Amino acid sequence: MTRPKLIAAQVGVAVVVLLVWHVLTNYPIFGDVKNAQFFFSTPAKVIERVIREIFTTEIWHHLWITLQETILAFIFGAAGGILVGFLFARREMLAAVFDPYIKASNALPRVVLAPIFALWFGLGIWSKVALGFTLVFFIVFFAVYQGVREVSPTVLANARMLGMNERQLLRHVYWPAALTWTFSSLHTSVGFALVGAVVGEYLGSSAGLGYKIQEAESVFDVTGVFAGMAILMVFVLALDAVVTAIENRLLVWRPTPGKAL
Amino acid sequence: MQSSPDQPAVSLDGVAITFALSGGKTYQAVRDIDLTVAPGEFVAIVGPTGCGKSTLLNAAAGLLVPSAGGVEIFGARLSGLNARAGYLFQADALMPWKTARDNVAVALEPKRVARAEALRQADGWLARVGLKTFVSSYPHMLSGGQRKRVALAQMLIRNPEILLMDEPFGPLDAMTRQIMGNLLLDLWAGDRKAVMFVTHDLEEAIALSDRVVVMSAGPAATIIGDFKVGLARPRDTAEIRLDPEFHRIHKDIWESLRAEVQKAYAFGEAG
């Protein structure tokens, strides 16, 4: 499929979804239109609300807060995950001792932590950063841990035969391997950083996209909820595009499947 | 670290290597190995698959500690990794995140060569192995043969006194193998190092080496034959195969090897 065709098809999906939504909420197919609009709003209203929102300064303030929380959660989570992942991969004893605790805390649904974080870090951005951290940390931790342990034994033996000491091995072999795995988990972890931020805001805050959605929800403003979700989706797409750009820059050495050089 | 001419570069003395398997069982890969490689000598080790040829090489590299017997490098007992040896692996051993140039240059870092100088030498070595235009390529962009050339440059740039090669051209196609063989002989002819070259390809062994050592089938493999290869140098690894002398040597060695290959095959079938 060529690129213009692909984009046309992708836009087509959105058009069909909006059309179905429009028809079902504007024509009395399943009973009263008023009822349908109360529960599902209409695409026209949602689009109108989104446009109105983006011309206010308020939404940009909320977006900025959410972005800050996402980035901070990602940085702290990734740094922690890399550090601990590295340490555990190189010190088998530590990994063995902490194994059940790591598994247990990873299995814990993070939402239950949100109220505790709000208690510890207040209702500002740091409680959301903490929530995002708990999500990002484990993704990066597992990726790095596995990545460092699964460095090709041949590459490692070769580097050792070249005379590398522990520090040089770390720099030329383990670190790049760990970084590769961090980046392979980047899309997921940035996504989870955002989830942490928005869920945190949703559960208790005074700013951010999650707060915005929660606020609309509390007055049964379905149009507002959908508008908030739409803005969130565009925001996620933009963030993902940035991640892809960074990834392509840093992992130039990686083979791209199915692309002739 | 001067190599004294009277000391063998590598000397394996009564080496046996036993691996511990799961469930408390053990597997003796090789036993009673007595093998010396003189400085400047090119020794090929052939044997059926699974006979512990690579195990032997790893012992000489210090990657494996023998269960019995000793390894001496230029008369000194080997402990830890063999710092005087370079190792060419069968599998891809290049760092995939480094370009060809960086892969070769990084080999000089443990020797504390300044980076600019290391890069300059790396370019020189890559040119010598015929990869002048590929210095900035990452390993995945190179063919199997090209990656082997980079690995060769990476090994040789350190100027090791002993070259250990573990079926280095095994994964390559027949044409590329001959080209790589000639390249290796060209580079080696410059300043003859001691070479231990493991291969399962008898013709390759004869074409390259001064001496062919034949191993028996595993388990508990040992050396069952040691043949001098008196073919004149310089050689062309493709043309030398037409030499009557080559055929005579091949016939001699094959006679001792054939029974072992059949044994290895039977063992493999039996599980």
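The structure is a predicted model.

The domain assignment divides chain B into two parts, with domain 1 covering residues 1-84 + 165-271 and domain 2 covering residues 90-159. The C-alpha centres of domain 1 of chain B and domain 2 of chain B are separated by 25 Å. To the contact between them, domain 1 of chain B contributes 11 residues and domain 2 of chain B contributes seven residues. On the side of domain 1 of chain B that touches domain 2 of chain B, the largest share is supplied by helix α5 (residues 174-190) of chain B, with four residues. This side of domain 1 of chain B comprises seven nonpolar, two polar and two charged residues.

Within chain B, A194(B) belongs to strand β8 (residues 194-199). A194(B) is classed as buried because 26 C-beta neighbours fall inside 10 Å, the cut-off for this class being 20 or more. When neighbours within four places in sequence are left aside, the contacts of A194(B) include A9(B) and V10(B), the run V37(B), A38(B), P39(B), G40(B) and E41(B), and also E161(B) and I162(B). As for G14(B), its C-alpha atom lies 20 Å from that of A194(B), and the two residues are 180 residues apart in sequence.

In chain A, helix α8 (residues 153-161) packs with helix α9 (residues 166-184) at an angle of about 150 degrees, and the two axes are 11 Å apart. Since angles over 145 degrees count as roughly antiparallel, α8(A) is roughly antiparallel to α9(A). The crossing of α8(A) past α9(A) is right-handed. From α8(A), the contact draws on V155(A), L156(A) and A159(A), and from α9(A) on L169(A), H172(A) and V173(A). By class, the residues of this contact of α8(A) with α9(A) are five nonpolar and one polar, with no charged residue.

The buried residues of α8(A) are V155(A), N158(A), A159(A), R160(A) and M161(A). The packing partners of these buried residues are found in both chains: α9 of chain A on the one hand, and α1 (53-61) and β6 (85-88) of chain B on the other. Just after α8(A), the backbone at G163(A) adopts a positive phi of about 95 degrees.

Methods: Residues numbered from 1 in each chain as written. Chains lettered and ligands numbered in written order. Predicted model: local features only at pLDDT ≥ 70, side-chain atom pairs only at ≥ 80, totals over all residues. Domains from an automatic or database assignment. Contact = placed C-beta atoms within 7 Å. Helix = DSSP H or I, 4+ residues; strand = E, 2+ residues; numbered from the N terminus. Nonpolar A, V, L, I, M, F, W, Y, C, P; charged D, E, K, R; others polar. Buried ≥ 20, exposed ≤ 12 C-beta atoms within 10 Å, placed from the backbone. Axes fitted to C-alpha atoms, helices over the stretch in contact; angles between N-to-C directions. Parallel < 35°, antiparallel > 145°, perpendicular 65-115°, else oblique. Left-handed = near helix turned anticlockwise from the far one by under 90°.
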